[in-house]
Amino acid sequence: MTGQDAPFPRGATGFGNGKTLRGLCLVGLLLALVVLVALSVTVGTRDVAWVDIVAAASGGTETIGQAAVAVRIPRTALAVLAGGALAMAGGLMQGVTRNPLADPGILGVNAGASLAVVTAVAWFDISSAGAYLWSALFGAAFATVFVYRIGSLGAGGATPLKLTLSGAATSIACASLVIAVVLPRNDIAGGIQSWQIGGVAGATFDRIVPVLPFLLAGFAVGLACARKLNSLALGDDLAAGLGENVAMARFLASLGGVLLCGATTALCGPIGFVGLVVPHLCRLLVGVDYRWLLPLSSLAGACLLLASDVLGRVVARPGEIEVSIITALIGAPFFIWIVRRQRVREL
Amino acid sequence: MTTSALPLDSRAVERHRRIVRQRLTVAVLALLVCLLFVLTLVLGQSFTPPADVVRVLLGETVEGASFLVGTLRLPRAALLLLAGLSFGLGGVVFQIMLRNPLASPDIIGITSGAGAAAVFAIVVLSLSGPAVSIVAVVAGLAVALLVYGLAVRNGAAGTRLILVGIGVSAMLHSVTAYVLSSAPAWNLQEALRWLTGSVNGAQLSDAPPLLLAVIVFGGLLLGQRRELDALRLGEDTAAALGVRLARTRIIVIVAAVGMIAIATAATGPIAFISFLSGTIAARVIGSGGSLLIPSALIGAVLTLAGDYTGQFLLPSRYPVGVVTGALGAPYLLYLIVRINRIGRSL
């Protein structure tokens with residue numbers, strides 16, 4: 001093929017240019033992140049002068065502009081955290097299941113987390129951030145195990161098709177149950193309904209801080225698993241031959257993924273497709289080495305979620321479009337593209 | 001076996017028995033639909049004597065019963081019946097044509113396409129009545145073609161179609177969610193109706209277009225009955241039996257999408273009726289019989305029974321879509337477990 005002599009060799013192929021490319025990607029993403037953070041703080045329904053932004057950053061809330069910026073700062077922080085967490089969770093799940101279609105949204109993990117939260121709100125009257133968090137984590141973990149068990153039944157193990165179908169079925173099941181739980185409760189229905197469309201609006205540091213340890217633990221576990229995922233990518237037999245404890249590696253990486261997307265869902269509600277799109281794009285850029293892929297995915301995920309959030313604030317002025325709607329509109333075509341590109345194994 | 005001495009004879013007897021059994025099943029289903037329809041008319045929060053119901057249906061004004069039956073219960077029962085027939089029939093022909101129980105319109109995004117378009121037409125364009133139905137039909141067809149076009153490669157769609165459909169419906173769901181969330185005049189009840197399907201506030205004027213669709217498109221689909229039965233054996237076999245595949249496919253897609261989209265515009269996407277009816281019909285009828293009419297009847301049974309359950313048999317009132325959704329979702333999971341265990345089947 002003549003297309004092989006592309007300007008950049010794929011990053012996985014070795015050192016030299018590959019390493020430079022990774023460095024370039026890292027720097028580029030960091031720059032993009034800084035620009036997007038600045039945009040996210042300045043752009044919105046109300047235009048704000050730089051003076052107000054500087055004043056607000058140091059705690060002032062005298063003018064309306066400063067107050068607007070004071071609201072945007074935690075929102076921006078949440079978008080960065082959530083985007084990074086979801087993208088890394090997606091990367092981890094793709095590594096664990098060796099499945100190109102793995103994503104917390106598609107595999108039903110987000111839906112499981114929201115069902116657990118909604119049930120807890122409706123039946124046990126929880127309202128504290130901690131209770132949201134624990135129920136979301138429980139739901140995410142339960143859904144992960146459930147979907148993986150169903151998806152790996154029968155011959156051939158966990159094929160992409162079987163996993164995706166059981167994930168989609170679980171999502172649909174959870175969505176029906178959520179409505180059944182919410183509908184008789186008019187008092188909570190409004191709040192749940194707006195939480196159900198995942199978004200980062202209305203974030204405050206008071207809600208973010210208690211979740212932070214879980215997110216950080218998730219990031220740490222995820223990064224620690226990178227080398228194990230590299231072995232897993234060779235196949236279970238070869239990984240075991242290389243001295244890897246396959247079951248342990250799977251468990252740890254799944255734990256990281258569950259921590260990350262459970263905590264994110266507790267804060268923002270279900271946001272899909274970030275975990276699908278970002279690791280794939282990063283893989284195109286830096287290759288399949290998870291030690292690079294996971295951190296770069298986190299950065300790129302933060303950029304994507306921030307950009308989606310800013311976009312959602314700009315396109316529908318004076319209203320806003322929730323970020324999960326934007327990510328679904330970007331991500332679903334991408335999902336279809338991967339499905340078309342892949343040779344999907346029949347059932 | 002004692003009958004093995006006369007294999008041909010016994011096979012004929014067996015076949016005859018099966019046909020009788022299948023006819024009996026259809027009769028029982030039809031009876032069940034009638035019973036549920038009458039039940040919806042007669043018994044709600046209060047009991048109305050059947051004689052009064054008949055007099056109201058004949059156009060007389062009866063003290064107390066006219067409003068209750070004529071305005072509240074009849075539109076509801078009529079819409080449930082027609083929508084159930086549409087979802088059931090439209091769903092099963094897709095499952096037969098694509099030879100996969102998971103290829104029902106509510107899973108591969110056609111229902112969500114029609115729903116999203118209807119919501120858009122109502123909320124943003126402020127349309128109503130037949131215009132909404134037309135928009136829903138056009139959108140449903142467009143989504144069907146899009147999913148099919150994106151999934152086909154080298155002439156075969158297969159399981160890729162289901163995955164593409166799941167992706168497309170995820171996108172359409174978010175469109176619906178956005179349109180609903182940006183419509184301030186719409187309350188939550190109305191929003192949930194469009195997410196799950198409900199016949200609360202049904203109007204009798206919604207029924208005629210639906211009835212027309214059931215007659216025209218239903219007739220078209222029943223006209224393709226022989227071809228569809230042959231398709232259950234596989235495309236190659238069907239072609240060998242003289243089925244013109246391309247023609248059948250076009251008729252089936254247009255008619256089924258038309259039915260489903262018009263029903264969706266009237267009641268919202270009642271969850272899982274299309275998916276459930278076809279799979280249940282396949283179970284009840286077994287191999288060799290036509291699934292079309294049984295599936296349509298099962299669809300009507302499910303909507304009527306689901307709505308009655310949601311209204312009167314549960315501690316709080318639920319729209320029909322919630323009941324069928326809570327019923328259908330575990331069944332879907334069960335079906336996937338079964339498919340994964342033993343390989344494909346319908």
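From the N terminus on, chain A of this predicted model runs α-α-α-α-α-α-α-α-α-α-α-α-α-α, which gives 14 helices and 0 strands. Helices (H or I, at least four residues) and strands (E, at least two) are taken here as DSSP runs, numbered from the N terminus. Residues are numbered from 1 along each chain as its sequence is written, while chains are lettered from A and ligands numbered from 1 in the order in which they are written. As the model is a prediction, local features need pLDDT of at least 70 and side-chain atom pairs count only at pLDDT 80 or more, whereas totals for chains, interfaces and linings use all residues.

Of its 347 residues, 53% count as buried; a residue is buried if 20 or more other C-beta atoms lie within 10 Å of its own, exposed if 12 or fewer, and partly exposed in between, with C-beta atoms placed from the backbone. Two residues are in contact if their C-beta atoms, placed in this way, lie within 7 Å. Among the contacts in chain A with a separation of 6 or more, 76% join residues 24 or more positions apart.

Helix 3 of chain A (residues 64-97) has 34 residues, and its first and last C-alpha atoms lie 49 Å apart, close to the 50 Å expected at 1.5 Å a residue. The expected span is 1.5 Å times one less than the number of residues in the helix. Helix 3 of chain A is mostly covered, with 26 of its 34 residues buried, and after the helix comes A:Arg98, whose phi is positive, near 50°. Elsewhere in chain A, the loop between helix 7 and helix 8 (205-224) holds A:Gly202. This glycine is partly exposed, with 13 other C-beta atoms within 10 Å. A:Gly202 and A:Leu305 are 103 residues apart in sequence, and their C-alpha atoms are 15 Å apart in space.

Chain B likewise deserves a look of its own. Its secondary structure comes to 14 helices and 0 strands, and along the sequence the pattern is α-α-α-α-α-α-α-α-α-α-α-α-α-α. The radius of gyration of chain B is 21 Å, close to the 20 Å that the globule rule gives for 346 residues, so chain B is as compact as a globular protein of that length. The radius is taken over C-alpha atoms, and the globule rule is 2.2 Å times the number of residues to the power 0.38. The C-alpha trace of chain B spans about 70 × 50 × 35 Å along its principal axes. In chain B, 53% of the 346 residues count as buried, and residues 24 or more positions apart account for 75% of the contacts with a separation of 6 or more.

Within chain B, the 23 residues of helix 11 (residues 245-267) should span 33 Å at 1.5 Å a residue, and the end C-alpha atoms are 32 Å apart, which agrees. Just after helix 11 of chain B, B:Gly268 takes a positive phi of about 80°. Helix 12 of chain B (residues 273-285) contains B:Ser277, a buried residue with 31 other C-beta atoms within 10 Å. Leaving aside neighbours within four places in sequence, the contacts of B:Ser277 include B:Phe87, B:Gly91, B:Ser295 and B:Leu302. The C-alpha atoms of B:Ser277 and B:Val147, 130 residues apart along the chain, are separated by 22 Å.

The two chains can now be considered together. In the complex, 38 residues of chain A are in contact with 38 residues of chain B. On the side of chain A that touches chain B, helix 6 (160-182), helix 7 (186-196) and helix 14 (323-341) each supply at least two residues, and the largest share, 14 residues, comes from helix 6 of chain A. By class, this side of chain A has 25 nonpolar, 10 polar and 3 charged residues. Ala, Val, Leu, Ile, Met, Phe, Trp, Tyr, Cys and Pro count as nonpolar, Asp, Glu, Lys and Arg as charged, and the others, Gly among them, as polar.

The largest nonpolar core has 224 residues, of which A:Ala82, A:Ala263, B:Val93 and B:Ala136 touch the most other members. Such a core is a set of buried Ala, Val, Leu, Ile, Met, Phe, Trp, Tyr and Cys residues joined through C-beta atoms within 7 Å. Helix 3 of chain B (residues 65-97) gives the most to this core, with 17 residues.

Finally, the predictor gives the complex an ipTM of 0.76 and a pTM of 0.81. Chain B averages a pLDDT of 82, and 91% of the residues score at least 70, where pLDDT is the predictor's confidence in each residue, from 0 to 100.
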